[in-house]
Amino acid sequence: VNDNNCSLSLLPMVFYSPGLGGTSETYSYQTLSLAAKGFVVVVVEHGDGSLAIMPRKDGSAFRRSDDKVVQEWENGNHERHIRSRRAMTEYRSEEIIAATRYMMELNRTNIPELRGVNFVGKLDLEDIHYMGHSFGGASVLHAALKNS
């Protein structure tokens, strides 16, 4: 975003939710393509335990922790598996909604910690899209339903 060029039109946004085990790097071919077309792309790195590996602030790594959910299915406890996956969808949808609200706030308020990146008045709040792959698709659909 170039603060010196006021002739730019408002930027549309895409919120992307990876599938189980996916990360922003996994889907970079899609998200970079969208960014090249002029979209501001926000990839939600979900904190529900479904990322393959998620770095922590202290430098350690958090490894995927939804193995118990998978084992429920394999052990024949399908009802419990479905409840667990629905809870994950709920959790992920809340993260997507929070990311949407955060970007809307960035359109109103400059945050100095972003060091030179300023979205104030540059985001098109009428042109917001949600995308996801596999379980991420279910997550964004649920978020859109809750946010409507």
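**View 1. Four helices and five strands make up the protein.** This is a predicted model, in which local features need pLDDT of at least 70 and side-chain atom pairs count only at pLDDT 80 or more, while totals for chains, interfaces and linings use all residues. Residues are numbered from 1 along each chain as its sequence is written, and side-chain values use heavy atoms, with hydrogens and water left out. Helices (H or I, at least four residues) and strands (E, at least two) are DSSP runs, numbered from the N terminus. Read from the N terminus on, the elements go β-α-β-β-β-α-α-β-α. Of the 148 residues, 34% count as buried (under 20% relative accessible area; exposed is over 50%, partly exposed in between, with a 1.4 Å probe and protein chains only). Contact here means heavy atoms within 4.5 Å. Take the contacts between residues at least 6 apart in sequence: 66% of them join residues at least 24 apart.

**View 2. Here helix H3 (residues 78–106) meets helix H4 (residues 135–147).** Two packed helices are described by the angle between their axes and the distance between the axes. For H3 and H4, the axes come within 8 Å and cross at roughly 65 degrees (axes are lines fitted to C-alpha atoms, for helices over the stretch in contact, and angles run from 0 to 180 degrees between N-to-C directions). Residues making the contact include Met-88, Ile-96 and Ile-97 of H3, along with Phe-135, Val-140 and His-142 of H4.

**View 3. A closer look at H4 shows what its buried residues pack against.** H4 has 13 residues and reaches 18 Å from its first C-alpha to its last, close to the 18 Å expected (1.5 Å times one less than the number of residues). Its buried residues are Phe-135, Gly-136, Gly-137, Ser-139, Val-140 and Ala-143. They pack against strand E1 (11–17), H3 and strand E5 (123–132).

**View 4. His-133 sits in the loop between E5 and H4.** His-133 is partly exposed, at a relative accessible area of 41%. Leaving aside residues up to four places away in sequence, His-133 touches Tyr-16, Ser-17, Pro-18, Gly-19 and Tyr-27. Along the chain, His-133 and Tyr-27 are 106 residues apart, yet their C-alpha atoms are separated by 8.8 Å. Their side chains are joined by a polar contact of 2.7 Å (a pair of N or O atoms within 3.5 Å; within protein, one must be able to donate a hydrogen and the other to accept it, and residues adjacent in sequence count only if both atoms are side-chain atoms).
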